[in-house]
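My notes follow in the order I looked things up.

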Amino acid sequence: MSSQQDELKETDTEARFEFKKEEKSAFQTEKGLTEETVRVISEDKDEPEWMLERRLRALEQFQEMPMPTDWPGQPDLSEVDIDEIIPYIRPDVDVRAGVDDWTELPDEIKDTFDKLGIPEAEKNALSGVGAQYESEVVYQNMQEQWEEKGVIFCNMDEAVREHEEIVREHFMTKCVPPSDNKFAALHGAIWSGGSFVYVPENTTVDMPIQAYFRMNSKGMGQFEHTLIIAEEGSEVHYIEGCSAPKYSAFNLHSGGVEVFVGEDAHVQYSTVQNWSKNTYNLNTKRAIAEKGGRMEWISGSMGSKATMLYPSTILKGRGASDNHITIAFAGEGQDIDTGAKVYHNAPNTKSTVESKSIAKDGGRTNYRGLVHIADGAENSSTAVECDALMFDNKSTSDTMPYMEINESKVDVAHEATVGKIGDEDIFYLQSRGLDDDDAKQMIVSGFIEPITEELPIEYAVELNRLVELEMEGSLG
């Protein structure tokens with residue numbers, strides 16, 4: 001292990017994520033969701049009329065749709081009461097569009113992101129950084145070298161104002177319409193904050209762009225929207241981190257992600273989510289890949305009370321490809337329902353899905369996936385591999401793959417394994433000088449290695465440390 005890895009591992013990860021700050025805001029809505037709430041949010045943001053109209057249409061769709069309750073084995077959402085959520089909190093920051101200098105932030109917000117290591121990460125390994133606190137982006141910065149090449153990285157509120165035409169064309173129209181599901185409609189009505197990334201043709205951003213989303217207040221909802229547009233022949237890696245402290249009241253995270261992958265472009269979207277055990281994590285993420293486009297999703301999900309997260313990709317053009325790598329961890333009282341959806345709508349398209357899940361102390365993990373191969377998508381291929389590791393007899397792990405194959409000239413493979421940590425493995429490692437906890441940690445680290453090796457070193461070490469803390473039961 002390198003000195004950099006040693007230094008990162010010694011960081012007090014538990015303290016970094018579990019701290020709470022005094023709740024301060026410049027403005028916040030009342031609890032619940034009404035037309036007046038939507039209008040107030042839009043007015044506070046000084047949005048154009050077309051965005052307000054989209055919000056109001058999404059609200060109508062949300063009110064018409066039933067709460068999803070009939071999925072086999074889905075997490076219990078009975079506690080999710082939108083009337084008890086504060087949908088919008090604007091933090092007390094002077095510059096509404098965020099600032100580009102950490103020293104300009106209020107001390108309590110600056111201290112939050114200092115503890116999370118965001119400024120240090122920006123200096124060391126990132127092309128650009130955005131930081132959202134509650135409902136608003138409070139910091140945004142992009143290295144000058146990328147701005148000179150036409151790369152845009154700004155918060156979504158700024159994008160609506162400064163890049164209105166392209167946002168209007170892509171925002172919740174083709175990729176994730178509000179009609180997709182009830183929580184997509186909820187998101188469309190009260191979204192706030194998030195990132196806008198635009199990469200021009202034949203431009204490679206060779207250092208990752210990072211956004212970090214932090215919920216600090218109890219009983220709030222966070223609804224950030226991420227819109228990434230990678231033009232023909234471009235390449236970008238976007239990294240997302242999420243966290244929240246634990247409260248007795250439930251919190252709701254319902255973000256939206258839309259990714260447009262142009263011809264022969266390549267987008268990698270990596271996320272490490274460490275929500276607290278009072279948070280319901282219900283997101284909608286989707287990409288559309290044109291001819292020869294490559295989309296990669298790398299996801300680590302843990303900490304929440306319940307998660308329903310299934311990033312999806314529509315392979316629209318010939319030769320487009322998609323790769324999903326996910327890890328889920330469930331401890332006591334947690335139901336982590338994750339997976340992937342891939343739609344092969346053109347010939348010669350390819351997808352791979354690799355899912356790793358870990359359950360202990362009665363926790364439940366589930367892989368829920370869909371692969372659809374349309375008629376005419378000949379010479380396409382898909383391979384799905386699901387591996388589950390359980391620590392005890394109280395825990396459960398399920399696999400629910402669904403294949404819709406409407407073309408005969410295709411290659412389809414699916415493999416699933418479920419296993420427990422064996423006493424023989426533990427005994428062997430103990431005979432090599434490890435105690436019981438260290439032996440289990442080594443086994444788990446090897447189990448998730450195919451995922452961590454795909455992440456930048458800082459995130460790989462952080463993910464391993466988070467899993468270690470989950471195994472100890474240290475994270476709230």
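Is Cys 175 buried or exposed? I found Cys 175 buried, at a relative accessible area of 2%. Cys 154 is buried too, with 3%. Buried means under 20% relative accessible area, exposed over 50%, partly exposed in between (1.4 Å probe, protein chains only).

I noted the ground rules next. This is a predicted model, where local features need pLDDT of at least 70, side-chain atom pairs count only at pLDDT 80 or more, and totals for chains, interfaces and linings use all residues. Residues are numbered from 1 along each chain as its sequence is written, and side-chain values use heavy atoms, with hydrogens and water left out.

I then checked confidence. The chain has a mean pLDDT (the predictor's confidence in each residue, from 0 to 100) of 82, and 76% of its residues reach 70 or more. Residues 1-23 fall below 50, and beyond near neighbours in sequence this stretch has 56 contacts in the model. A contact means heavy atoms within 4.5 Å.

I looked for disulfides (pairs of cysteine sulfur atoms within 2.5 Å). I found zero.

Last, I turned to the largest cavity. On a 1 Å grid over the protein atoms alone, a cavity is a set of points where a 1.4 Å probe fits but cannot get out; lining residues have an atom within 4 Å of a point. Its lining includes Ser 355, Tyr 367, Cys 386 and Asp 398. Strands E21 (350-359), E22 (364-373), E23 (380-390) and E24 (396-405) each give two or more residues to that lining. Strands are DSSP runs of at least two residues (E), numbered from the N terminus.

Note on methods:
On a 1 Å grid over the protein atoms alone, a cavity is a set of points where a 1.4 Å probe fits but cannot get out, and a pocket is an open set with protein on both sides within 12 Å along at least five of seven lines; lining residues have an atom within 4 Å of a point. Helices (H or I, at least four residues) and strands (E, at least two) are DSSP runs, numbered from the N terminus.
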